[in-house]
Amino acid sequence: MDNDTHAYSLIQLGFNDYIAARHLINNKFILQGVTLASTAVEKYLKAILASKGRNKRVHLDKIDKLKTILSECYTDFTNRIDERFLEILGKAYETRYYDDLKSPITIGFFVNQFLCELDYSVNFFENVLYENIVDENGNKVPTLYKRYASETNPELVLNNYLFAGISKKECMEQPDYGYCIYINPDKWNGNILTEAHGVKNEYDGRMTLITINFK
């Protein structure tokens, strides 16, 4: 399998995870959606590496290692993605392997902000990859994302600021509600939805994180 074919298959798989994540988040299955968002972003990152012939394993819980690999083979564009967003995805990656957790994990954020950052990030990845992946005739290859966008498919455009005619700042400062989950490897504590409903956060280029101390 050549580099572009491998990368293209990863893009399609990543897009499917992304659409599933959007569906779950929009229907209030937050942790499940965040977990799939983590796998989606991971596949897009692997697609970028694959397009350059690098097939190293990359995981979002090792962001420094990932930055190094990207810098070696392409460019470290993670500075274009909110580090707090990547931090949440890294924690979500760890929750996929619950039995291996060595200490409790707290993940707290505002849901609309998370979805906004996810939409921004996937759009960014799609544009980067679209410029670099071509078929055997040298033509750019349209992805599922491009098709969904051209069809204004509701699975993509619902609650997606990129199709609503508003800026990212406007999206991030819309009334929002907070979500926080505490995961203890010794005792499952369940989901905790904070009381922060209808909150308007000021956006300075980073998501607003929620920190709650559990005992």
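Contact, or touching, means heavy atoms within 4.5 Å.

**Basis**

This is a predicted model, in which local features need pLDDT of at least 70, side-chain atom pairs count only at pLDDT 80 or more, and totals for chains, interfaces and linings use all residues. Residues are numbered from 1 along each chain as its sequence is written, and side-chain values use heavy atoms, with hydrogens and water left out.

**Nonpolar core**

A nonpolar core is a set of buried Ala, Val, Leu, Ile, Met, Phe, Trp, Tyr and Cys residues joined through side-chain atoms within 4.5 Å; buried means under 20% relative accessible area with a 1.4 Å probe, protein chains only. The largest such core has 52 residues, and the members touching the most others are F15, Y18, I30, F85, F109, F114 and L118. At least two core residues come from each of several elements, including α1 (3-26), α2 (30-51), α5 (111-130) and β1 (105-110). Helices (H or I, at least four residues) and strands (E, at least two) are DSSP runs, numbered from the N terminus.

Leaving aside residues up to four places away in sequence, F85 touches V41, F114, E117, L118, S121 and M207.

**Helix α5**

Of the 20 residues of α5, 17 are buried, so this helix is largely enclosed by the rest of the structure.

**Largest pocket**

On a 1 Å grid over the protein atoms alone, a pocket is an open set of points where a 1.4 Å probe fits, with protein on both sides within 12 Å along at least five of seven lines; lining residues have an atom within 4 Å of a point. The largest pocket is lined by 16 residues, of which N26, N112, L115, N159 and Q174 are the closest to its centre. Helix α5 gives the most to this lining, with 3 residues.

Conventions:
Buried means under 20% relative accessible area, exposed over 50%, partly exposed in between (1.4 Å probe, protein chains only).
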